[in-house]
Amino acid sequence: RASMQAAAPLPQGQGGPPVHGVSNTVVGVLGGGQLGKMLCQAASQMGIKIVILDPLQDCPASSVCHEHVVGSFNDGDTVREFAKRCGVLTVEIEHVDAVTLEKLEKQGVDCEPKASTIMIIQDKYRQKNHFSKFGIPLPDFMEVDTLHSIEEAGERFGYPLMVKSKRLAYDGRGNAVAQNKEELSSVVASLGGFERGLYVERWAPFIKELSVIVARSRDGSTVCYPVVETIHEDNICHVVEAPADVSDKIKKSATGVAEKAIKSLEGAGVFAVELFLTENDQILLNEVAPRPHNSGHQTIESCYTSQYEQHLRAILGIPLGDPSMKTPAAIMYNILGVDEGEAGFLLAHQLIGRALNIPGASVHWYAKPEMRKQRKMGHITIVGPSKMSVKSRLDKLLQSDTYDPK
Ligand code: ATP
Ligand code: MG
Ligand code: MG
């Protein structure tokens, strides 16, 4: 009885019907990809209604949301209409119409995180400027808009030189590396030219990539998930290991940088902070995602409160949950599209078949209507008693000769 009384009260219905269960507030989500889908799965468990806005009729979230509005999250009128059905608006992708969100906020619509945050993050150059002002450690960066300015940047930062589009980047699409001065013009062309809006970063000589998910509630309090290691190939995330195999000192500094970065942004929700760890134990921030993230998929099976449930708790004003791990170790493997058409689906199907025979493995298949090379189609999380055991189970899974199709 005492512990029941100690609990913080749940939010009350504001002039509407009394609150039953967890919350009556309808959550509107811009985007219906895999992150939206897993958000809906967490919402369903708690009886929370999610309405999705996504242009694709059969987007991953469409099969599990309460309602799916087919339309563009980039179109002002569509977003404005959509907002009318929701008690709170959030995003599963940052490439949305943030100008409209800002206008809606002024008219009293509750957006979490805030439009200002989406606006800063959706432009990577603006994001870098923002964090630099707040004293967050970053690789050096510089805007480039002519061949002359990018050559100057090459002289200043040396090679390899990382060239990035400011906007609409994901899964490394929007990044290109120049190995020397001669490659600059073709690299710029491969990114769509200077008109697209480009900037460059000094090459970060990292030994590991780390990620920290930070959740912030409406009252401003934050909790951090354990630091994980992300392993990328060709700029795209392949594997996540939780917890990261780094010293406590590095965990502390990574978490410190992540928390400081998030405190410079406005609004509630979960945020992922992608970090580089350099040889001399320096932490540099790569980028922030203002939403649940690929580096937090494994929290579904490995943490007391998944990043998806946590995001809902944060934006709805429900007390934040425990982010700590309930299994000693977890490893997440992204199932990337290998081939267009049936052959690709068959390969993925075989991999999933093998995963179903691995102890501690959970399969997530996003049910995207089409497979494309390097597209995130699903993922597999393996939890277990130690880092060694989950790694060896993943190795076994990736050896195709263990597949037994009976
Ligand atoms: P995401 O899918 O995470 O949104 P993205 O398209 O926004 O990816 P980035 O996060 O900018 O791309 O970069 C993708 C990967 O490229 C990083 O995880 C890292 O492996 C590599 N990378 C990015 N910036 C640098 C840099 N300055 N130096 C070295 N490697 C880098
Ligand atoms: Mg990104
Ligand atoms: Mg990234």
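Which residue coordinates both the magnesium ion (ligand 3) and the magnesium ion (ligand 2)? It's Glu287, and the two ions are 3.7 Å apart.

## Before we start

This is a predicted model, where local features need pLDDT of at least 70, side-chain atom pairs count only at pLDDT 80 or more, and totals for chains, interfaces and linings use all residues. Residues are numbered from 1 along each chain as its sequence is written, chains are lettered from A and ligands numbered from 1 in the order in which they are written, and side-chain values use heavy atoms, with hydrogens and water left out.

Let's take ligand 3. A donor here is an N, O or S atom within 2.8 Å of the metal (3.2 Å for Na, K and Ca), and sites may look incomplete because water is not among the atoms. Glu274 sits in strand β13 (residues 269–278) and Glu287 in strand β14 (residues 283–289), 13 residues apart. Strands are DSSP runs of E with at least two residues, numbered from the N terminus.

Over at ligand 2, the coordinating atoms are Glu287 (OE) and Glu287 (OE), at 2.2 to 2.5 Å.

## The strands behind them

β13 and β14 run antiparallel and are joined by 6 bridges; strands pair if DSSP finds at least two bridges between them. One of these links has Leu277 partnered with Ile283 in β14. The hairpin has 4 residues between the strands, and Asp281 takes a positive phi near 65 degrees there.

How many of the residues of β14 are buried? The count is 7 of 7. Glu274 counts as buried too, because its relative accessibility is 13%. Buried means under 20% relative accessible area, exposed over 50%, and partly exposed in between (1.4 Å probe, protein chains only).

## Around ligand 1

Ligand 1 has 21 residues around it, and Lys164, Asp171, Gly172, Glu209 and Asn235 come nearest. To be near, a residue needs a heavy atom within 4 Å. β13 and β14 turn up again: each supplies at least two residues of this shell, as do β6 (161–165), β8 (198–202) and β9 (206–216).

Now for some oxygen atoms of ligand 1. A polar side-chain atom of Lys164 lies 2.7 Å from one, a polar side-chain atom of Lys124 lies 2.8 Å from one, and an N or O atom in the side chain of Asn175 is 3.0 Å from one.

How values were computed. A polar contact is a pair of N or O atoms within 3.5 Å; within protein, one must be able to donate a hydrogen and the other to accept it, and residues adjacent in sequence count only if both atoms are side-chain atoms.
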